[in-house]
Amino acid sequence: MGRSGSTLIERLLGELPGVCSLGEVVHMWRRALIDGEACGCGVPFAECGFWGAVGGAAFGGWDRLDPWEVLALKASVDRTRFVPALLNGRPPARLAERLARYTGLYDRLYAAAARVSGCRVVVDSSKHASLAACLRHRYGSRLHLVHVVRDPRAVAHAWGKRVPRPDATRTSPEQDMARYSPVRAAIQWTMQNEVLARLSAAGVPTLRVRYEDFAADPAGEFRGLADFAGHDGALPVDTEGTARLSPAHTVSGNPMRFRSGAVCVRPDGAWRSGLGPVGRTTVAALTCAGRGRFGY
């Protein structure tokens, strides 16, 4: 679920040789193609050379793709309401047809990004568990899932903050990052993590990373992530917790996707004083069934 440190982990993976980090592709169809928001490299999406080359290789140019049609297709398959059917081995025929068309777009996009970047691993940091359930039907065990999980009380506190989106344009419907009440954050935390856990149980190769463990020992935890990505060389984070980030071509995500240079990785425990007693009690009660599975 978002606000769990996944953007930093994605950026660090993108620093590994042979790994290309794309950001949250699930939002690209609206935020990049319609609203013209900026790439992580700082220029508007339409002016980014990397994404121009990817669009040409994948679709013959972005102007050959109707983003509104993609969004309509997305709404017909990539939604939480379809997850029970997606978790089945064989979805109903009509859903399966839409699923094939929808994941075909991602397949063409990923293949083009790999070709343009020269990388063999592509990282999509989309947070929608329903998208992971969709992609499982196309890729099977070729899909590798990094399941980042964080204490739900910390997640609820983070989702309650007002955070302006520096990449928002005048046509962007969201000028700030989305905000959730503690109740909604708790329900989303339970639902998203449950779906990802079921995908793992269904055979999707999965590496689970707890935010708290990563923040406490970023170098040690990232070694496991690098191994999962098939990399065995030097790491972009040292034993003191300092990460080195290069500009990246990420299409959406937390504002830290625009950060580059040295970044200090450290635990954020602001929720302990920032989340009030009512919110804390509410989140604890609503997530009690799932917290134990992840050690909270």
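These legends describe close-up views of a predicted model. Local features need pLDDT of at least 70 and side-chain atom pairs count only at pLDDT 80 or more, while totals for chains, interfaces and linings use all residues. Residues are numbered from 1 along each chain as its sequence is written, and side-chain values use heavy atoms, with hydrogens and water left out.

**View 1. Helix α7, residues 129–139.** Helices (H or I, at least four residues) and strands (E, at least two) are DSSP runs, numbered from the N terminus. Nine of the eleven residues of α7 are buried, so the helix is largely enclosed by the rest of the structure. Buried means under 20% relative accessible area, exposed over 50%, and partly exposed in between (1.4 Å probe, protein chains only). Among the buried residues are Cys134, Arg136 and Tyr139. The buried residues pack against α5 (83–86), α6 (93–117) and α9 (182–201); contact means heavy atoms within 4.5 Å. Just after α7, Gly140 takes a positive phi of about 60°.

**View 2. Helix α8 and Arg153.** Helix α8 spans residues 152–159. Eight of its eight residues are buried, so α8 is largely enclosed by the rest of the structure. They pack against α9, α12 (271–274), α13 (277–286) and α14 (288–291). Arg153 is buried at 19% relative accessible area. Leaving aside neighbours within four places in sequence, Arg153 touches Trp271, Leu275, Arg280 and Val283.

**View 3. Trp189 in helix α9.** Trp189 is buried, with a relative accessible area of 1%. Beyond neighbours within four places in sequence, its contacts include Met1, Val155, Phe294 and Tyr296.

**View 4. The second largest pocket.** Its volume is about 1,100 Å³. A pocket is found on a 1 Å grid over the protein atoms alone: it is an open set of points where a 1.4 Å probe fits, with protein on both sides within 12 Å along at least five of seven lines. Lining residues have an atom within 4 Å of a point. Grid points are joined across faces, edges and corners, and the volume is the space filled by probe spheres set on the points. The lining has 34 residues, with Val122, Val123, Asp124, Leu143 and His144 nearest the centre. Helix α7 gives the largest share, five residues.

**View 5. Strands β5 and β6.** Side chains alternate along β5 (residues 242–245). Four bridges join β5 to β6 (residues 261–264), and the two run antiparallel. Strands pair if DSSP finds at least two bridges between them. Leu245 stands opposite Gly261 in β6.

View 6. A salt bridge is a side-chain nitrogen of Lys or Arg within 4 Å of a carboxyl oxygen of Asp or Glu. By this rule the count is 15. Glu174 meets Arg31 at 2.8 Å, N to O. Glu174 is partly exposed at 31%, whereas Arg31 is buried at 15%. Asp167 pairs with Arg257, their closest N and O atoms 2.7 Å apart. Asp167 is buried at 6%, and Arg257 is buried at 1%.
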